[in-house]
Amino acid sequence: MEQVTGQQHPIGTYLKVWGLLFVLSTFSYMVDYFHVQGFARWFLIILFMLLKAGLIVAVFMHMQWERLALRCAILIPPVALLVLVGLMTLEADYTLLTRILFFAS
Amino acid sequence: MAHQDTMNETPAATTLTGAPPTDGWYGMVEDWASDRQAFRNVPWGKAMMWLFLLSDTFIFGCFLTSYMTVRMSTTVPWPNPSEVFALTIGGAHIPLILIAIMTFILISSSGTMAMAVNFAYRRDRARTTALMLATAALGATFVGMQAFEWTKLIVDEGVRPWANPFGAAQFGSTFFMITGFHGFHVTVGVIYLSVVALKVLRGDYERRGNYQIVEIAGLYWHFVDLVWVFIFAFFYLW
């Protein structure tokens, strides 16, 4: 059997990321706790969400140390979900309009 | 040359010319184009787990997108999750506190899992087992809190998949579907991690000299945490 040593990184890296995830989670909870509304709310929620997701995938799941071939194979296909989101946004707007026109009384 | 048996290629093999593999974009083109194993240095188990997680991404993606669709298209106001999931602790009314605690628990379990993978590659069986069992215990705590949350909503508040006292009926169906499917993943993960932890303790992987399985189990667990990040943002905070 080929000697595969696998992913070896200092424990400190994980502890730092763990701490960062705690801080980011606290921030996203604060967004709700202090009733931030409107554009700022959406922006902050999505910002903290993407930062947390990025840290988990890059460090905890070791994606930043994988070769580009694997990174592309896993990370690019989910982008197709944005097309679905776009289509369903159009669909939802249309449904809402129809409901307002025909069911509002 | 063209019919070279790819099964006998070792993962760390160099290119056909004997040169070390190139990195970056050239490396990617070489990896995909050279009529051989595309994922270098990646064991099959890990590649397959990644592909499974990719397919799971689409499942959760569909759930969250359908949640977006029904929430955008309803004419009835959406219930305020901040209030629905508030708890009164010691006389203080704290919004969304249960979900916040669940989030911290799941992040902590990801931290212990990452360290378990590290100790596994150092062949520290005792620490690996302890950290994996800690991860499973935190996961079980998460599921327990979710059961508490569901009970509170179903029994006390009367939330049903088809109706609820707070507002739009779709709230119940999407809530039970999304958190239920995620909770199911956590439950499966707790069982999976416990089995692997006990096998580590028994020395199964020591005999084989291969601790990849701990990293593969870890990938699954981190993915469960990853999905929760998106559920937390889109369902509970939005």
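Two residues are in contact if their C-beta atoms, placed from the backbone, lie within 7 Å. The legends below use contact in that sense. The model is predicted.

**Figure 1. Helix 2 of chain A meets helix 8 of chain B.** From helix 2 of chain A, the residues that meet helix 8 of chain B are A:I45, A:I46, A:M49, A:K52, A:A53, A:I56, A:V57 and A:F60. Helix 8 of chain B answers with B:H222, B:D225, B:L226, B:V229, B:F230, B:A233 and B:L237. By class, this contact divides into 12 nonpolar residues, one polar and two charged. The two helices, helix 2 of chain A and helix 8 of chain B, pack at about 180°. Their axes are 10 Å apart. Angles over 145 degrees count as roughly antiparallel, so helix 2 of chain A is roughly antiparallel to helix 8 of chain B.

**Figure 2. The side of chain B that touches chain A.** In chain B, 52 residues are in contact with 49 residues of chain A. Four helices of chain B give two or more residues each to this side: helix 1 (24-33), helix 2 (44-73), helix 4 (97-121) and helix 8 (212-237). The side of chain B that touches chain A holds 29 nonpolar, 19 polar and four charged residues. The model scores ipTM 0.91 and pTM 0.87.

**Figure 3. Helix 1 and helix 2 of chain A.** Helix 1 of chain A spans residues 11-33, and helix 2 of chain A spans residues 38-60. They pack at an angle of about 165°, and their axes lie 10 Å apart. Helix 1 of chain A and helix 2 of chain A are therefore roughly antiparallel. Their crossing is left-handed. On helix 1 of chain A, the contact is made by A:T13, A:V17, A:L20, A:L21, A:L24, A:S25, A:F27, A:S28 and A:V31. On helix 2 of chain A, it is made by A:R41, A:L44, A:I45, A:F48, A:L51, A:K52, A:L55, A:V59 and A:F60. The contact counts 13 nonpolar, three polar and two charged residues.

**Figure 4. Helix 4 and helix 5 of chain B.** Helix 5 of chain B covers residues 125-156 and packs against helix 4 of chain B at an angle of about 160°. The axes of helix 4 of chain B and helix 5 of chain B are 8 Å apart. That angle makes helix 4 of chain B roughly antiparallel to helix 5 of chain B. The two cross in a left-handed sense. In the contact of helix 4 of chain B with helix 5 of chain B, 16 residues are nonpolar, eight polar and two charged.

**Figure 5. Domains of chain A and chain B.** Chain A is assigned domain 1 (1-65) and domain 2 (68-105). The C-alpha centres of these chain A domains are 25 Å apart. Chain B is assigned domain 1 (1-41) and domain 2 (45-237). The C-alpha centres of the chain B domains lie 37 Å apart.

**Figure 6. Confidence along chain B.** Chain B has a mean pLDDT of 88, and 91% of its residues reach 70 or more. Over residues 1-10 of chain B, pLDDT is below 50. Beyond near neighbours in sequence, this stretch of chain B has six contacts in the model.

Definitions and conventions
Residues numbered from 1 in each chain as written. Chains lettered and ligands numbered in written order. Predicted model: local features only at pLDDT ≥ 70, side-chain atom pairs only at ≥ 80, totals over all residues. pLDDT = per-residue confidence, 0-100. Nonpolar A, V, L, I, M, F, W, Y, C, P; charged D, E, K, R; others polar. Domains from an automatic or database assignment. Axes fitted to C-alpha atoms, helices over the stretch in contact; angles between N-to-C directions. Parallel < 35°, antiparallel > 145°, perpendicular 65-115°, else oblique. Left-handed = near helix turned anticlockwise from the far one by under 90°.
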